[in-house]
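Here is a quick tour of one model, written for someone who likes to click through side chains. Have the viewer open and follow along.

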Amino acid sequence: MTYIEIVGKLPWYKKIAVLRVVKGLNQEQAADICGTTRKHFYRWEQGKAYPRENSKRAIARAFELPVEEIFG
C-alpha cells in the first residue's frame with residue numbers, strides 16, 4: 001500500500017494533521033493560511049469540531065487538494 005492510499009483511508013481530521021506536518025507547518029501557520037485561529041485548527045485536527053464550508057475550502061486550497069479528497 002502506498003503512502004497516498006494509507007492517508008486516503010484516514011478520517012478527515014487525521015488527514016489534515018498529516019498534511020500539515022508533511023507541508024512543514026505548525027498549527028499556527030496552518031491556521032493563518034486557512035484564515036482561522038490556532039485553537040480552531042487544533043480542534044479540527046482532534047476531530048472535536050467540524051469546519052464550515054468556507055473553512056473546508058480554505059483547508060483544501062492550503063493543501064492543494066480537492067475538498068472531497070480531504071472530507072469525502
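Is Glu64 buried or exposed? Glu64 counts as exposed, at 64% relative accessibility. For these labels, buried means under 20% relative accessible area, exposed means over 50%, and partly exposed is in between (1.4 Å probe, protein chains only).

## Before you click around

The model is predicted, so to speak of local features a pLDDT of at least 70 is needed, side-chain atom pairs count only at pLDDT 80 or more, and totals for chains, interfaces and linings use all residues. Residues are numbered from 1 along each chain as its sequence is written, and side-chain values use heavy atoms, with hydrogens and water left out.

Helices here are DSSP runs (H or I, at least four residues), and strands would be E runs of at least two, numbered from the N terminus.

## Three salt bridges

A salt bridge is a side-chain nitrogen of Lys or Arg within 4 Å of a carboxyl oxygen of Asp or Glu. By that rule, the count is three.

Start with Arg20 and Glu45, whose closest N and O atoms sit 2.5 Å apart. This pair links distant parts of the chain, with Arg20 in helix 2 (residues 12-22) and Glu45 in helix 4, 25 residues apart. Arg20 is buried at 13% relative accessibility, and Glu45 is buried too, at 8%.

Next up is Lys23 with Glu64, at 3.7 Å from N to O. Lys23 lies in the loop between helix 2 and helix 3, and Glu64 in the loop between helix 5 (53-62) and helix 6 (67-71), so the bridge ties together parts that are 41 residues apart in sequence. Lys23 is partly exposed, with 38% relative accessibility. Glu64 has one more thing to show: just after helix 5, this residue takes a positive phi of about 55 degrees.

The remaining pair is Glu53 and Lys56, with the closest N and O atoms 2.9 Å apart. These two are three residues apart in helix 5, which means about one helical turn separates them. Glu53 is partly exposed at 47%, while Lys56 is buried at 9%.

## Helix 3 against helix 4

Two packed helices are described by the angle between their axes and the distance between the axes. Axes are lines fitted to C-alpha atoms, for helices over the stretch in contact, and angles run from 0 to 180 degrees between N-to-C directions. Helix 3 (residues 27-34) and helix 4 (residues 38-45) have axes that come within 8 Å and cross at roughly 105 degrees. That makes the two roughly perpendicular (65 to 115 degrees; under 35 is roughly parallel, over 145 roughly antiparallel and the rest oblique).

Which residues in helix 3 meet helix 4? Gln27, Glu28, Ala30, Ala31 and Cys34 do, and their partners in helix 4 are Arg38, Phe41, Tyr42 and Glu45.

## Helix 5 and a glycine

Contact means heavy atoms within 4.5 Å. In helix 5, the buried residues include Ser55, Ala58, Ile59, Ala60 and Ala62. What covers the buried residues of this helix includes helix 2, helix 3, helix 4 and helix 6.

Finally, look at Gly47, in the loop between helix 4 and helix 5. Gly47 is partly exposed at 38% relative accessibility, and touches Trp12 and Tyr13, leaving aside residues up to four places away in sequence. The C-alpha atoms of Gly47 and Trp12 are separated by 8.2 Å, although these residues are 35 apart along the chain.
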